[in-house]
Amino acid sequence: MSSSEYTTAARTAVTADDMDTFFAAYMRAYQAITNQSDREIWSEILHLVGDLPTDAAERLARVCAAAIPAASEHARHGIGVLEQTVARSLSEPAVAVRAAIAADDMDALCDAMMRAYETTTKDMLIWSRVLDVARGLPAETAERLAGVSAAAFPGASEHARHGILVLVSTIAPTLPILVDERRAALETLSNQLGYLSLLSFDPVLAEAELASGRALSPEVVAVYRRAACERYPLTGVVDIARQSPEPVLNVGEQWADQALELAQLSPGWHDLLAFATTATMATPNAKWDLAGRVLLAKVESFEEKVLPLLEQVGRPRTLPLMDSSVAEPGPVNDLYDPFNANAVRGLLWLVTLRPPQPTTARVLAGLVETSLRRLDGVGPRNPKVANAGVYALSRLTGEAALAELARLAATVTYKGTLKLINAELETKARALGLTRADIEEMAVPTYGLTSVGHAEFVFGAASATVTVDGAGAVLRWFASKPVKSVPASVKRDHAEELKELKATVKDIGKMLTAQVERLDRQFLAGRTWVYSSWRERYVDHPLVGTIARRLLWIVDGVACCYADGALRDVADKPISGEVVELWHPLGRSSEEILAWRDWLERKNIRQPFKQAHREVYVLTDAERRTGDYSNRFAGHILRQHQFHALAAVRGWRNKLLLDADDSVPPPIRELPQWGLRAEYWVEGDRDDWGADITESGSYLRLRTDQVRFYPIDAPENRANSTFRGGFSSDSGGPATPLPLSDVPELVLSEVLRDVDLFVGVASIGNDPTWQDGGPGGRFAEYWADYSFGELNQTAETRRDLLTRLLPRLAVGDRCTVDGRFLHVQGSRHSYRIHLGSGNVLIAPENRYLCIVPSQRTTAPDSFLPFDGDRMLSVILSKALLLANDTKITDPTILSQLL
């Protein structure tokens, strides 16, 4: 028997009132299910149950009960579904609905329908079945039922009113009954995110409006469009979105609202924006590009108008949204509207079809960064838009786009987008016959700087200088003499040039950060340069020179640094040569290292990151005993999300651990130049779900374990994210690690330095508010041990530096370094600041003093030999505060000093 014959047999059985035959047809259809089409046939037969008279339904229930004992397990499931359907057909509301229809009593029918609707809080299918029955009513009967329902509407409860609207919209969608009430109900969606709000909102209300020829409001259209963008959209939502072509974009985002104004003024812009929303594929194909070129020809000033729109993507919404699943909006209003996000991608692709403007690359790179900004519980805001921005940058011609790609390669941490950036840079390098490193070095722009770290700009009678100072650029103004703010004449007569100059200053800051991070990762690259190229790309480059001149280099085997207009060795002798490499303290004598530290201090050179003071990690006796793993950084408790961010910045590949049945690798740093990979084994910490797990299911904290090294092509270790069973590879147990003694000294040192950084920054022991030990006090012992225990290598470097710095500080005569602590003598008490955690004890009773540092803690006005050690700044700031403890006004601190 074919599938269609099953349906025919079932309908014939219903007509003949033969429930045994109906049951047989149903079961044959159920057992024949092999695909979606067969499932639809079976479902159609199942729906026939709702049309059965009550006595027939009761007889069918007895047939089902009699068949179960002899049925197979598979057949029992089918019978069970049929029994549930019959039971719903025999429910009191369903029986009452059929009786009212038979009696042609519309008041009773309306009442029975509403009783069925009340069951939706427990079982939606009873309401669904009686609605199916109501759909089959003759038009005249349906109109009478709609009229009676409308009359009952004013006196009904709020919940019942929604049921009446659904009923009327189902049986009489185009009749002018409860239209205003229906539209008012739809408007309650206008500030909702989408999918979850529509779970309890029947699409038939929107369908009825559209069937009547009335458009939904722009706000409601946006809700349905957003819900239609879900991977698994609700039934009916996609059709409603498709039937709502206007407006061309969703309202509620700054850029989209302005774009809609363009669409209203220009049919060409209207059609172009509508086309942009079709950008749902990974990259545009030739057909898409061709259609885009045709539409671009119909709009004026595309480049001038689209770039300001793209600059506004990601700014605060003009129509804030609510997510019905949570009490607070959370990150909802920071997310991109998914429908509009497609249009953003389309506009990015269209930008590549026209000649770039001077600011195009900057705008596109900024949008990449905006789209990758992480949201709590979500991750990056919109990686697809970021990827479209990378695609657009890669298709632009000119040095500006290449420079932005190179900058993004040093700052982007999101794996998918970074992979695209790296691939594009590799492609461009091959096309130019250069290495990837060459491309990154050559792509750094000068930003108008005419000498290393300096530029001057003239605006009529006024002028401005840009000076690169450390990690940023300083803009100063002159109008015959120095002035504190922008001269009025510049604002009035040079508005566009002023805007561009301010943007340039911001760009310089971003690029400096990227170059510092790139150079800090160069120690393991083993790169050497030809002297002339190195001078051009580094020491004499107007921007990079501000970094390179503060670093130590090796020229033809001689260590040197730039000072007083030339490269000089530690004896101040000018240096030149042929081959250059970056200096690292590993393998250098202590005398040489100390001599360079003295030299840098004497020349007042502040290094962009630790180099002369860089920690060196050598193999310990304990690691020689363990052989192939290091426990040096095991047993710590880290904040997972802070660790995750740090790992990405330092080039580690890491996945957030979830409290779920998921297989994940450990944090990994791949070192292809050395043919190695490093792993840091961590596991999620969970004792109490509410206190240890985020709403999205990720662990708040991690427990740390071993550091291991492997050949880069060794089988990947993986573990269940709840850490049941530990790590293992495809071969069964963990992959075989390398003996630590076989790991090159430089690799071991730099990898362990990374791990020391992770612990030093992300450990809960650094948090002064965790004196109580955190949730349930279970971390009290760890917090105490870490907060005031032995120093790690970074803290030891900090101790040595503080010993040298104290004589220069205004409070130096009141401070001494002793072991693990900086001792500070105040007027009220004596204090001990731990050099690792920065936490404070009041001497002599060692009473804890909680001082929470500001997130913007800055170093005191004294020379520091390097940037990047925030804890050093925190310790010095606390020392200055406590040395003058009679001037403390903070009531939280004062209350602890009594």
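This report describes selected local features of a predicted model.

**Salt bridges**

Side chains of opposite charge can pair when their charged atoms come close. Across the whole structure, a search finds 63 salt bridges.

| Pair | Closest N to O separation |
|---|---|
| Arginine 59 and aspartate 55 | 3.7 Å |
| Arginine 183 and glutamate 209 | 2.6 Å |

Arginine 59 and aspartate 55 both belong to helix α4 (residues 54–67), where they stand four residues apart, about one turn of the helix. Arginine 59 is partly exposed, at 24% relative accessibility, and aspartate 55 is also partly exposed, at 44%.

Arginine 183 forms a salt bridge with glutamate 209. Because arginine 183 lies in helix α11 (residues 179–187) and glutamate 209 in helix α13 (residues 204–211), this pair ties together parts that are 26 residues apart in sequence. Arginine 183 counts as partly exposed, with 26% relative accessibility, whereas glutamate 209 is buried, with a relative accessible area of 0%.

**Backbone features in loops**

Glutamate 246 and proline 247 are joined by a cis peptide bond, with omega about -5 degrees. Proline 247 is found in the loop between α15 (237–242) and α16 (254–265). A cis peptide bond also joins alanine 843 to proline 844, with omega about 0 degrees. The loop that holds proline 844 runs between β21 (840–843) and β22 (847–849).

Tyrosine 447 is not a glycine, yet its phi is positive, at about 55 degrees. This residue is placed in the loop between α25 (436–442) and β3 (454–459). With a relative accessible area of 16%, tyrosine 447 is buried, because buried means under 20%.

Asparagine 604, likewise not a glycine, has a positive phi of about 60 degrees. Asparagine 604 sits in the loop between α30 (590–602) and α31 (621–626) and is exposed, with a relative accessible area of 55%.

**Glutamine 673**

Glutamine 673 occupies the loop between β14 (668–671) and β15 (676–684). Its relative accessible area of 51% makes glutamine 673 exposed. Leaving aside residues up to four places away in sequence, glutamine 673 touches Leu524 and Ala525. The C-alpha atoms of glutamine 673 and isoleucine 712 are separated by 9.9 Å, the two residues being 39 residues apart along the chain.

How values were computed
Residues are numbered from 1 along each chain as its sequence is written. This is a predicted model: local features need pLDDT of at least 70, side-chain atom pairs count only at pLDDT 80 or more; totals for chains, interfaces and linings use all residues. Side-chain values use heavy atoms; hydrogens and water are left out. Helices (H or I, at least four residues) and strands (E, at least two) are DSSP runs, numbered from the N terminus. Buried means under 20% relative accessible area, exposed over 50%, partly exposed in between (1.4 Å probe, protein chains only). Contact means heavy atoms within 4.5 Å. A salt bridge is a side-chain nitrogen of Lys or Arg within 4 Å of a carboxyl oxygen of Asp or Glu.
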